[in-house]
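Hi,

Here is the structure I promised to pass on.

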Amino acid sequence: MRSLLSATALTALCLSATPMFADVTPEDVWGAYQEMMAKTGATPTAEVERDGDTLVVRNMVYDMTMDMGASSVSSTTTAPEIRFQERAGGTVAMWFPAPLTSVSVTQVEAGLDDGMEDETIETRSTMRLDGTSVVSGAPDDMLFTFKDSTVEMVNDPVMMDGEMIQPGLSAKVAGISGTYSIDRSGEALTSGIDMTAAALSYEFDEMETEEGDLVDMGFTANGMTVKGQVMLAQGEPDDAMQALVGQSDVDVNLGFADSSTFVAVTSDEPNSGMDIKATSGQSTLGLTLKGGAIGYDATAGDVNITVGGPQIPGGQVEVAMKEYSTALLFPLAASDAPQPFEAKIGLEEVVLPEIAWMIADPSGQLPHDPASLRLAFEGTLENGVNLFDAEAMAAFEASGEKMPFALQTLELPEIFLSLAGASIAGEGAGKFLDKEPAVAGGMPPFAGNLSLKLVGVADLISNLTATGILPAEQAMSAQMMLGLFARPGDAAGELVSEIEMTEDGQIIANGQPLPF
């Protein structure tokens with residue numbers, strides 16, 4: 001499925017969307033497209049002929065194969081016809097008279113499922129590109145301009161041994177306008193994209209669960225923007241994954257004005273079924289690939305989730321959130337030197353439904369303030385294997401090693417949690433020692449420090465006891481642990497804690513060694 005989406009998306013990207021003050025011919029545009037495909041590991045073939053002012057490409061077929069060691073994914077995409085027509089001013093118009101078709105075949109690894117009869121999983125899709133692109137610029141530097149175009153794709157259900165493992169999917173991007181460039185004048189092929197789309201939507205075919213329930217799900221987003229740069233190394237790669245992940249740079253940012261998701265479950269059983277709806281306001285997604293490190297940074301504002309059904313108290317519950325955010329940076333390439341990584345998650349001002357407070361706090365002892373959570377991790381690790389190299393990963397697995405990388409340092413630049421009138425904030429840093437793990441196969445010893453500020457935590461423990469959520473014995477133990485690890489701060493209700501883990505295994509809290 002991933003290979004199929006990559007292949008069809010690549011075709012849309014390369015052919016739907018180079019600078020100015022020079023002429024381009026249909027042959028120039030067709031040649032640029034072929035080079036772009038070759039750099040991503042595809043091998044295009046076609047029947048090409050001139051029909052007056054138009055270069056007609058028929059039965060274009062390109063193959064892509066991703067080797068994953070014991071298994072592989074290959075895809076074949078066919079475009080029945082592409083037309084490149086000369087226009088005034090040294091430009092070329094390009095369009096697709098007929099839909100494209102793609103077939104993706106996954107060779108299943110031996111031993112994956114002893115009861116599986118088929119050795120392959122096949123996925124088929126059809127993609128229609130409506131609209132004309134106008135290409136301008138020079139043969140080595142082209143600009144594709146498009147306006148109010150539409151891309152529609154339909155994926156057939158994926159079957160294995162007569163069982164559907166993935167339902168069919170229909171997707172559409174409407175109102176596409178903007179530019180896409182292909183610059184072959186430098187040492188690397190570079191592409192820039194600046195695009196908007198009125199709407200993006202997809203919906204899965206109705207599917208039936210093992211219990212006989214019917215499930216519908218889909219997604220819609222409005223006001224889509226895409227901006228970014230892609231750099232591909234010159235020359236045709238022997239290994240597509242090595243070229244894409246190890247030698248390419250990608251920096252693309254997507255945005256949506258708003259979006260909505262739905263999941264509907266219907267059942268013949270009484271008091272069954274469920275409707276889940278989620279909406280969000282302004283959202284962003286940044287994708288990067290540089291120096292063999294992959295990353296993303298996503299945010300969604302004004303998130304609202306509604307769950308309804310006969311089994312839900314009151315028939316419906318709603319959870320609102322001012323913002324959700326998550327980010328990840330991880331090195332996939334091998335290196336002799338430590339490489340940085342990071343991970344973040346944030347939930348800002350989460351408003352829980354009143355029914356949840358009524359169940360957890362029927363006597364109203366707890367403040368019903370919105371809750372927030374922010375966690376950030378950074379550090380370095382050593383990676384001895386290219387994680388995108390199928391042969392290297394197969395050799396690593398055969399060696400019996402458990403982890404292809406080793407953590408070196410770890411920082412916590414932000415720790416924050418606020419809930420029910422209390423908050424915890426802090427930061428920390430440390431390193432993993434070059435010593436044997438205390439437990440075979442575990443992590444090596446760690447040395448570092450952690451600084452925390454706790455506000456209202458002691459009162460929260462007392463309130464939890466008053467509501468009956470926390471038994472008195474456990475509350476007493478919690479208060480004792482606070483006294484062991486924290487000391488009073490400058491403000492009322494504030495506690496501070498400075499915890500250090502030394503290289504000889506000691507734990508020191510606020511300057512005092514702990515007896516364990």
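Aspartate 249 is partly exposed, at 23% relative accessibility (buried means under 20% relative accessible area, exposed over 50%, and partly exposed in between, with a 1.4 Å probe and protein chains only). Its side chain forms a salt bridge with lysine 290, with the closest N and O atoms 3.2 Å apart; a salt bridge here is a side-chain nitrogen of Lys or Arg within 4 Å of a carboxyl oxygen of Asp or Glu. Aspartate 249 is in strand E15 (residues 249-256) and lysine 290 in strand E18, so this pair links distant parts of the chain, 41 residues apart. Helices (H or I, at least four residues) and strands (E, at least two) are DSSP runs, numbered from the N terminus. Lysine 290 itself counts as exposed, at 57% relative accessibility.

Before you go further, a word on the source: this is a predicted model, where local features need pLDDT of at least 70 and side-chain atom pairs count only at pLDDT 80 or more, while totals for chains, interfaces and linings use all residues. Residues are numbered from 1 along each chain as its sequence is written, and side-chain values use heavy atoms, with hydrogens and water left out.

Now the other salt bridges. By the rule above, the count comes to 13. One of them joins the side chains of lysine 322 and glutamate 349, at 4.0 Å from N to O. Lysine 322 sits in strand E20 and glutamate 349 in strand E21 (residues 339-351), so the pair ties together parts 27 residues apart in sequence. Glutamate 349 is partly exposed, at 38% relative accessibility.

Glutamate 414 and arginine 374 also meet in a salt bridge, at 2.7 Å from N to O. Here strand E23 (residues 405-419) holds the glutamate and strand E22 (residues 371-383) the arginine, 40 residues apart. Both ends are partly exposed: glutamate 414 at 30% relative accessibility and arginine 374 at 23%. There is a network too, with Glu49, Arg58, Glu81 and Arg83 joined by salt bridges that share partners.

On the surface, Asp161, Glu163, Glu210 and Glu211 gather in a patch of negative charge. Patches are made of residues with over 30% relative accessible area and no salt bridge, joining like charges within 9 Å and nonpolar side chains (Val, Leu, Ile, Met, Phe, Trp, Tyr) within 5 Å. For charges, Lys and Arg count as positive and Asp and Glu as negative, while His and the chain ends are not counted; the place of a charge is NZ of Lys, CZ of Arg, CG of Asp or CD of Glu. Aspartate 161 is in the loop between strand E9 (158-160) and strand E10 (163-166), and is partly exposed at 32%.

Leu287, Tyr296 and Leu328 form a nonpolar patch, with about 220 Å² of accessible area together (Shrake-Rupley method, 1.4 Å probe; for residues, only the protein chains shown count as cover). Leucine 287 lies in strand E18.

What about threonine 150, buried or exposed? Threonine 150 is buried, at 16% relative accessible area, and is in strand E8 (residues 141-155). Among the residues it touches, leaving out those up to four places away in sequence, are Arg128, Lys172 and Ile176 (contact means heavy atoms within 4.5 Å).

Overall, the protein has seven helices and 29 strands, and 38% of its 516 residues count as buried.

Cheers
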